[in-house]
Every structure is written in C-alpha cells, then in structure tokens.
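Try each task yourself before you look at the solution below it.

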Amino acid sequence: MGCSADDLASALARCASVIAEHRDELVELDRVIGDGDHGENMNRGFAAIMSSLDSSAPETPGAVLKLAASTLISKVGGAAGPLYGTAFLRAATSVGDSSELDGDAVYQALSAAQQGVVSRGKAEREDKTMVDALAPAVEEAQRAAASGGDPAAVLDAAAQAADRGAEATVPLVARKGRASYLGERSAGHMDPGARSTALLLRALADFAREPR
C-alpha cells in the first residue's frame, strides 16, 4: 500500500498526538542538558501543523510535507524549528509532485531529511544530536526499501533503528548544541532531539501499519 496526501496528513496528526503525550518527557530531557524548551517547542510546532492542515487541503504528499516545513520554520523557536523544518522541506523536495509514495520514495525522503539536518546543524553521528537517531534510521530504511518493503515496512525498520540510536546517545558526551557546554556532564542523559526523532518515526510507522 502506498502513501497518499490524506494518509500523510493523518500520519502527522498521529505524530502531533504522540508529541503532546511525550511533551513533559522531552521537556525534562532538555532541561537536564539543554534549554528545557524542546518538548514545548515540538508540541507547539505540531499543533500548528494540525491547524495549518485544517485550513488547507494539500493535494500531494510533497505539498503536505512542504506545509509542515513552512509551519515549523515560522512557528517554532530554538533548534527544533530550523532543523525539523529543513528536514521536512528536503523530504518534500525529494518526493516532488508524486501522488502516492512507495517504500523507496519513503526511504529517499528520509535520506533527504537527514541530509538537510546535517547540512543545517553541521552534526555528525556520536555528536549526541538527532542525527544519532536519524542516521541509523535511514540506513535501515534503505535496507528495507531495497528488499521491496512498502512504506510500513520501511518506516518500521527506520523506527526500530531510531529507537536504538536514541538510546545510544545516553553515554555520549555532547559535541554540538547547548548540551556541549556541559562537557562530560552531558553523559548519562538521552539527547532530546534524538528522542523526538525516534518518537516521530515510531508514530509514522505505527500509523502506516494500520489497515485503511
């Protein structure tokens, strides 16, 4: 089964719900090693995406992604808005005007999103950022797509890898962002950006698996 504009809009609604559910967790993770605003920024951003989608009817998956990108960039402060906004914008460019996305297109969108985040944030793996969840997610998405996986299979592979990647940030010493100011004291805590990335990919994967 492919992924239409309506499917993607509904999937983003699931993401908004999951982010709202985990808002306090993300606030606490960021309070320990950052500014403490990641949970609130993400919650506000995805609520704004829902509002934008309520007042618009994008006709393609790419248009949905572009609307999400512009909303995040304009409505969300801190690092989350520019990074996630860039990720969604690059994904939108990747899928173009396609009316429906197959597994390979989903992988390509995730890969473009990762490249956008790296370009914007200048982070690498083991810097203790969202890249530590996103990079392995893209690798596993590529494997799933190469095996002929549909969007649900590709997203599930990505979500599992992102979960592992987020957990792997716990012992790392941050080398980017506000957390890097703490030096060795940043070790022992999960990166909030990696956690939110994992949450979003799991929400997308769970939605994609549901019968429609």
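**Exercise 1.** In which helix is the place of Q114?

*Solution.* Start with the ground rules. This is a predicted model, in which local features need pLDDT of at least 70 and side-chain atom pairs count only at pLDDT 80 or more, while totals for chains, interfaces and linings use all residues. Residues are numbered from 1 along each chain as its sequence is written, and side-chain values use heavy atoms, leaving out hydrogens and water.

Now find Q114: it sits in helix α6, residues 103-121. Helices here are DSSP runs of H or I with at least four residues, strands are runs of E with at least two, and both are numbered from the N terminus.

**Exercise 2.** Is Q114 buried or exposed, and which residues does Q114 touch?

*Solution.* First recall the cut-offs: buried means under 20% relative accessible area, exposed over 50%, and partly exposed in between (1.4 Å probe, protein chains only). Q114 has 18% relative accessibility, so it counts as buried. Next, look for contacts, meaning heavy atoms within 4.5 Å. Setting aside residues up to four places away in sequence, Q114 touches L134, A135 and V138.

**Exercise 3.** What span should helix α1 have, and which elements do its buried residues pack against?

*Solution.* The rule is 1.5 Å times one less than the number of residues. Helix α1 (residues 5-21) has 17 residues and should therefore span 24 Å, which agrees with its end C-alpha atoms being 24 Å apart. Then list the buried residues of α1: A5, D7, L8, A11, L12, C15, A16, V18 and I19. When you study that list, remember that an α-helix has 3.6 residues a turn, so residues three or four places apart point the same way. The buried residues of α1 pack against α2 (23-33), α3 (38-54), α4 (61-75), α5 (80-95) and α9 (192-209).

**Exercise 4.** Which residues is L8 in contact with, leaving aside its neighbours within four places in sequence?

*Solution.* L8 belongs to helix α1, and its 10% relative accessibility is why it counts as buried. Beyond those neighbours, L8 contacts C3, P61, V64 and L65.
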